[in-house]
Amino acid sequence: MGVSIAASAFFPGSPAPAPVAPKNALGERPDSLDVRGVAAKPGSSSGTLRAGKTRAHAAVPKMNGGKSTVADGEHETVPSSVPRTFYNQLPDWSMLLAAITTIFLAAEKQWTLLDWKPKRPDMLSETFGFGRIIHDGFMFRQNFSIRSYEIGADRTASIETLMNHLQETALNHVKTAGLLGDGFGSTPEMSKRDLFWVVSQMQAIVERYPCWGDTVEVDTWVGAHGKNGMRRDWHLRDSMTGHTILKATSKWVMMNKLTRKLARIPDEVRTEIEPYFFERTAIVDEDNRKLPKFPEDQSATAAKYMRTGLTPRWADLDINQHVNNVKYIGWILESAPISILENHELASIVLDYKRECGRDSVLQSHTTVHTDCSSESGETTLHCEHLLSLESGPTIVKARTMWRPKGTKAQETVASSSL
Amino acid sequence: MLRCHTPPQCRRAPLRGGREPRQAAPGLVRCARWAQQVPGIEASPAHAEAKAERPTLAERLRLGSLLEGGLSYKESFIVRCYEVGINKTATVETIANLLQEVGCNHAQSVGFSTDGFATTTTMRKLGLIWVTNRMHIEIYKYPAWGDVVEIETWCQEDGRIGTRRDWILKDLANGEVIGRATSKWVMMNQNTRRLQRVSDEVRDEVFIHCPKTPRLAFPEENNDSLKKIPILSDPAQYSRLGLVPRRADLDMNQHVNNVTYIGWILESIPQDIIDTHELQTITLDYRRECQHDDIVDSLTYIEEGEEKSTNGSAFAAPHKEEQQQFLHCLRFAGTGDEINRGRTVWRKLAR
C-alpha cells in the first residue's frame, strides 16, 4: 500500500523519490447523497441578503454523503488543555514510530470500510495539504504551515494570510467532496444555471496570531442561513497545542451570473447541499450590530483617516478578473494609522460586502478610530469603522474592527470538538 | 548601481516579545518579513548539526530537506487557490514568494543567523550584510491550483565579493522542470555602505554548505540571466503611474519587498499582452529601495530586433513570432530616480 511511501515522507533526506501527488483530483467518492435526516433549520434572521454586486470567492460547501473514511480518532477527543504527550515528549525515534503507527492505523481503518478505495494515506494527504473530511462527513480539516512571506511587519501571520487559508480550506472542502462546478463559486447544478455564491458578510475573531513555521489546523463546515442563503464557519487552531487561533463565520447568497440579481436556491441545488448542513456556530455571540452609515460618529474622540488612489494589481484578481475578497481587508487597513498597527493587534473584524470591483477601479479607504475605555490593566482597546469605496462614490465594503494592545491575552477558548 | 535590497539587512528591526527572528539565506529574493518563532534556535555558526533542540511538528513535517551532504536544499509546496491568478495558474509573484521561502528554509536548516539576515558569526562581527543586485526567473510551465512544486536551491561563490543563489523548480508529479532562477548577492558593510570582499574567514563559514564545483541553474553560455539591461531613455511605450505601496508590501523595516516590484513591473504591460501571453522570463536589477510614502511610476518599452539565440539549450525559447520582449523601469514619480530595471519575455498562450 502506500504505507512505505508515506513513511518516506517522514524521513527527511531519504533517497526515495517523494510520493507522487495527483493533480487536482476531484473527489473520488461517489456522489451518493446520504440524506441523514438532518434538516437544515433556517436561521431566525433572514435579513442579511444584500442587493447589489458582491463577489463570491470561496465556494459552496458540499460534503460527500456521510461516510468518512478517515482515521481522525486521534484528533477529535484530545482536549487542548492537556499537552499532547505524543508529540511533545517523545524523542525523535518515537516520533517516527508514532508517525508510522498512525499511518498503519489509518491504513487499517481504510481496509475495514466497505467503500474503501485505493487512495493516498491520510497522513500523506495532510502533509501535502490536501485535507480530509471528518466528523461523520460534515466537516473538513486541513493543515497549513505558515510560510515566510505570509508574515506581516510584526512577524506574525497577517489577518490576510489567515483569511486566505479560510478560502483555501473552503475550496478544498468542496473539491474533496466532489462538488466543485465551474470556477470557484458554484456546484455543478449551480454552474448549469449560471448561479454562483456571493459572500455578503464575514466575521472573524482572532485569539492569537501564528508565526512563521507554525502549523495551523483549519476545520470548516456549512449550514443554512435564512431561507435562501448559506453560511460557512471555520475554526483555526494551532496544530501543536490545539489552542484556538481564529473563529470565523460567513454568510452567502446566490446570484445569477448573467443578470447579477439575487436568486432563489433551486431544488436541485438544495438536494446537492442540504445534506451537509451542520448546525454549529464557530462564533457564539455573533456581532449582529448593524454597521453604521458612514461617516456617522461626530464625537470628539473619533479620529478619521483616509487613503486614496488604491488600485488593484494583477495579482489581486481572480480568474474572473474581480478583486479577491481577502484583498479588501488589506485596503481597509491601509487607512488605519500606523500607530494602531504597531501597538495593537486585530482582535475581531466584521465585513459587509456590498459591491465587487475590478481591474480599473480606483478606491479610497476611510477609517474612523474610537478609543474605548481602558481595561483594568490600564491599556486601551480601540474599535474602528471602515469604509472602502470607489472614488466615484459607491461603497464596496464596510467593516468594523476591534483592536487590543499587543501581548494582551485574548479570551481563551478550549479548542475541543464539542464547540 | 547596487541596491541595498534587503531592508532587514539595513537596520535591525526591534524584536517584539523577545522572540528570535528568523532568517534569510544569502541570495534570497526578499529577505523581509519573516517570522521567527523557532523555539530553541539561536544564532549559530554554519554547522549542519546546529539545529533547534526541539524541532516543532511543523519542521518535522516540513517537506524540505538538505541533500547531497548538505550542499543543497529541496522542498515541496502545494499551490493554494489564492495564489492563482487570472490564468488559473500560479502567478509569478507566487513563484517568487516560494523561491524566497525555500531560501529562508535552507538558511535556517544550515544554521545561519535567525535575525533575518543569513549572516554568519564573522559577518556579524564585521558588520557585514548581504544585498542583492539581480534576480532572474524563467518559468516554462506554470503550476495550477493543487499542483505540488518541488524546489531545489543552493548557493555558491560568485567572484570575490559575491554569492549567488540558484533554484530549480520541478513539478513533483512528473519530475518535469518547470522553472529556473538565479540571483546575485554582494556583501556590504552595514555602516559604511561599501562593498566588501568575501574574506577567507567568512568564505569558510558561508560556503561550507555550497557546492565546491560550480553548479549553475543556467549553465548554458550567454544565457539570458547574464544579459545586461540598458539604461532606458524616454519615452516609454506604456506606463502606469502613481503606484503606491500598501502596508502588506512592506517589511519590518518599512521597505518595499521584492515581490512587489515584480507586480509593479507587470502593471504597465498592456492589457492585450496580458490577455494573450504569459510571462516566461523576468530579470530585475535592483538599484534603490522604496518606502510606504513613495510614489512609483512603472514604464515599459518594447525591446525589438533581438536575435533570440538559444545556444542549444534544453530550454529553448519558442519562435520569435510567439514572443514579446520588454524592458522596464520603475522609478520614483517625483525625482525620476531609478528603483529597478527589468526585462520581461512573454510567450503566446496556446488558447
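Trainee: Is A:R260 buried, partly exposed or exposed?

Mentor: This is a predicted model. Buried requires under 20% relative accessible area and exposed requires over 50%. A:R260 has a relative accessible area of 24%, so this residue is partly exposed.

Trainee: Where does A:R260 lie in chain A?

Mentor: The backbone of A:R260 has a positive phi near 60 degrees, in a residue other than glycine. As to its place, A:R260 lies in the loop between strand 6 (244-256) and helix 8 (267-273) of chain A.

Trainee: What is the relative accessibility of A:D194?

Mentor: A:D194 is found in the loop between helix 7 (188-192) and strand 3 (195-206) of chain A. This residue, which is not glycine, has a positive phi near 60 degrees. A:D194 counts as partly exposed, because its relative accessibility is 28%.

Trainee: How many residues of helix 6 of chain A are buried?

Mentor: Helix 6 of chain A covers residues 159-176, and at 1.5 Å a residue its 18 residues should span 26 Å; the end C-alpha atoms are 26 Å apart, so the two values agree. After this helix comes A:G178, with a positive phi near 75 degrees. Helix 6 of chain A is largely enclosed by the rest of the structure, because the number of its residues that are buried is 18 of the 18.

Trainee: Which residue stands opposite A:C384 in strand 11 of chain A?

Mentor: Strand 10 (residues 380-390) of chain A is largely enclosed by the rest of the structure, because 8 of its 11 residues are buried. Strand 10 pairs with strand 11 (residues 395-405) of chain A in the antiparallel sense over 8 bridges. In that pairing, the residue opposite A:C384 is A:T401.

Trainee: Which residue takes a positive phi in the hairpin of strand 10 and strand 11 of chain A?

Mentor: The hairpin has 4 residues between the strands. The phi in question is near 130 degrees, and the residue is A:G393.

Trainee: Which strands stand at the edges of the sheet in chain B?

Mentor: In chain B, 11 strands form an open sheet in the order 1-2-4-5-6-3-8-11-10-9-7, with antiparallel pairing. An edge strand has a single partner strand, so one of its sides is left without a neighbour in the sheet; in chain B these are strand 1 (64-67) and strand 7 (238-243).

Trainee: What angle does helix 6 of chain B make with strand 8 of chain B?

Mentor: Helix 6 (residues 258-267) of chain B packs on the sheet. The strands it touches include strand 3, strand 7 and strand 9 (296-302) of chain B. Its direction and that of strand 8 of chain B make an angle of about 125 degrees.

Notes. Residues are numbered from 1 along each chain as its sequence is written. Chains are lettered from A and ligands numbered from 1 in the order in which they are written. This is a predicted model: local features need pLDDT of at least 70, side-chain atom pairs count only at pLDDT 80 or more; totals for chains, interfaces and linings use all residues. Side-chain values use heavy atoms; hydrogens and water are left out. Helices (H or I, at least four residues) and strands (E, at least two) are DSSP runs, numbered from the N terminus. Buried means under 20% relative accessible area, exposed over 50%, partly exposed in between (1.4 Å probe, protein chains only). Two strands pair if DSSP finds at least two bridges between them. Contact means heavy atoms within 4.5 Å. Axes are lines fitted to C-alpha atoms, for helices over the stretch in contact, and angles run from 0 to 180 degrees between N-to-C directions. The expected span of a helix is 1.5 Å times one less than its number of residues.
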